[in-house]
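Take a walk through this two-chain model, one part at a time. Begin with a strand pairing, then follow the paragraphs from sheet to interface to helices.

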Amino acid sequence: MPPIIKVEGLGKQYRIGSDGSAYSTLRETLVNRFRSPFNGAQRRNSEDKKIWAVRDVNFEVNAGEVVGIIGRNGAGKSTLLKILSRVTEPTTGRVELHGRVGSLLEVGTGFHPELSGRENIYLNGAVLGMSRAEITRKFDDIVAFSEVGKFIDTPVKRYSSGMYVRLAFAVAAYLEPEILLVDEVLAVGDAGFQRKCLDRMKDVGRRGRTVLFVSHNMPAVTRLCDRTILLDEGTILQDDESHKVVGSYLKSGLGTMAAREWDDLSRAPGNEIVRLCAVRVRTDDGRVTDALDIRFPVGIEIEFEVLKPGCVLLPNIHVSNEEGVLLFIAAENDPAWQRTPRPVGRFISSAWIPGNFFSEGTIIVGAAVSTMDPVTIHFFERDAVAFQVIDKFEGDSARGDYAGPYPGVVRPMLRWTSRGPEIKTARAANEEITR
Amino acid sequence: MTSETFSTSVPAETNQNDPGGNERLPSPDTPVVVIEGSKSWVPLRLGDLWSYRGLLYFLIWRDVKVRYKQTLLGATWAILQPLMTMLIFTLLFGKLAGIKSEGVPYPIFAYGGLLIWIFFANSVTNSGNSLVSSAHLITKIYFPRMLVPAGAVAAGLVDLALAFTIQIGLMIYYGVHPSWALMMVLPLVVLTTLLALGVGMWLSALNVKYRDIRYAIPFLIQLWMFSSPIIYPVSMLPVKWQWVLTLNPLTGIIENFRIALFGNQPFNWKSLGISTAITFVVLVYSSYSFRRMERHFADIV
């Protein structure tokens, strides 16, 4: 039986304009044409930087396989999925898909805020490739799955974000193509609903549907996928059983990056108010590190540039472990900037996390800057930096002299006090004997 | 961008690894999608468009539903826009300037022209901006991109139908009786739709690459209005210059649309022929250039 997906020599090249803007103005093109009417095209090309987002990717997927795609940010995962779902065209190579393709690059594609939940189910269903009859047939199941119930005739702009996501995912969950492409859509919604979605996807896989699943959620990948492809810088680094690939990905430190810097501000995460310049992990003596001694404090440093004055900005970090469990969120509390609009300029905010707090393993930090009133997220870089927490087994960490497995998402060094029958000191005991 | 064929050569062998039998074996009618970088010449693939007609329906339905949401007057706007413009024109051009209107009362003369014009102008404007405002769809999901400008044009037909009822009312009021010529209204509306689609589709594709288009559209529309016989009849121009006006494909449409409504003179087949020819040239050219630009939409929009 031939593979259901066949990818051969696939490559996608993006052009980054010298001015950083993706689209050109008419004037620019006209001026270039006028200056050099015969080689205008080449001229422009030579000024541009080109990058390969995906390069020479080959793989095959058999019908019924559930394949995970992992890799750090910018490894080409999303580009690969966009090519497979025909949103964008490859520069080189070829893909053969033997079956209907459904792609879920986000939840709620095509949702219109003014329309009711009912109307959006039809609209979103049509956008995802379902026929009207098919949607009508599945309508009740979709509503039941979404748990929005009596709000089905309310415009979705009045929905809470949780309801919105649940409704959007419910439509997607009832999509029944032969090939399903899913990109990180489970990064939204509450934990209970996420579990429900994961179960539904597992179900989909079991029924012989082929699924390609891009995710940062390593436990989800190992649980859902039999096989995982690891991408780095646009090429396949490893393609094997999921637990092997996920294991080596986490061990290799590919997932860890102690500092991320954005040189070109116009392409950095952010908006016209504030943009992210860098995120770094620092030890208390100021070194950037991706290996933290479990006993010592660590600083997460967010460097950002305020472009427009007058906004109250709240830098915050989102710290999770390698299993994707969110350990905590922390927002800046420096009294100098509480409820104080920031002037234009560059800021560095550091959050200090005490020593003897994390468990051993990989810690992933997301960095964001938001405004609370009204709630606006200026940027949220999900996996901005990561580092390894290492116990050197010198006996003074929380694990003491014990060297075996030590579960738990955090490992605080607590102050213990113990009471019991009075124990006499050796000297007192000696005195008693001699008396 | 991609070529989709319905393969008939897939052998229907049984799957040895799946003793339970697999209902998802590729049957002879399993669609095989081949994705490759496209060459400079891109086929139109009208079959693909046809298979996505359900989505086109929903895009039109969405535009119609959303257009007058949270407005006080709702769909009345579809009538008010041509009606108010007609009143102003009647006052300025009919009464003050005293423009002759080929033997029919100026208000219905102007309203007849405005019906076609407002539909055309709104369709071109909406479809010209449609791709850019649908960026969230284009970057997330595949479907033939032509559906977006096409949906924007088609959604305008609902407004046209509403406004048309007022035309009938006005004609009854002024005692102008339609004749069998009224049958031509439908083909003329179809022709206007195709012309709007041709122009709108091309502008929408250019708009993705050059955001200048957004600012150029209102200007273009304004110029186009004055070079179309909406306020004035073609016969107002000196005979030897009338051919210049005929090069505007809307001239033949509007002129014959009025004849269809009022039945006051025989159809001008020559100007209609020219309009039809230009419309098809525009439509074919813009379809091919749209397909050629289409592959970069998701990367640059």
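In chain A, strand E11 (residues 274-283) and strand E13 (residues 298-306) run antiparallel and are joined by nine bridges. At one position, A:Thr283 stands opposite A:Val298 in E13(A). Strands here are DSSP runs of type E with at least two residues, helices are H or I runs of at least four, and both are numbered from the N terminus. Two strands count as paired if DSSP finds at least two bridges between them. The model is predicted: local features need pLDDT of at least 70, side-chain atom pairs count only at pLDDT 80 or more, and totals for chains, interfaces and linings use all residues. Residues are numbered from 1 along each chain as its sequence is written, while chains are lettered from A and ligands numbered from 1 in the order in which they are written.

The pair belongs to an open sheet of four strands in chain A, in the order E10-E11-E13-E16, with antiparallel pairing. Strand E10 (259-261) and strand E16 (345-353) are the edge strands, each pairing on one side only. From one strand to the next, the twist averages 20°. Axes are lines fitted to C-alpha atoms, for helices over the stretch in contact, and angles run from 0 to 180 degrees between N-to-C directions.

Now turn to the interface. Chain A gives 43 residues to the contact and chain B gives 37. Residues are in contact if their C-beta atoms, placed from the backbone, lie within 7 Å. On the chain A side, E4(A) gives the most, with six residues. E4(A) also pairs with strand E2 (residues 32-36) of chain B, in the antiparallel sense, over five bridges. There, A:Leu97 stands opposite B:Val33 in E2(B).

Chain B has 12 helices and two strands. The axes of helix H3 (residues 76-96) and helix H4 (residues 106-133) of chain B come within 9 Å and cross at roughly 135°. H3(B) is therefore oblique to H4(B); angles under 35 degrees count as roughly parallel, over 145 as roughly antiparallel, 65 to 115 as roughly perpendicular and the rest as oblique. Which residues meet? Those in H3(B) include B:Met86 and B:Phe89, and those in H4(B) include B:Leu114 and B:Ile118. By class, this contact has 10 nonpolar, four polar and no charged residues. Ala, Val, Leu, Ile, Met, Phe, Trp, Tyr, Cys and Pro count as nonpolar, Asp, Glu, Lys and Arg as charged, and the others, Gly among them, as polar.

Technical notes. Two residues are in contact if their C-beta atoms, placed from the backbone, lie within 7 Å.
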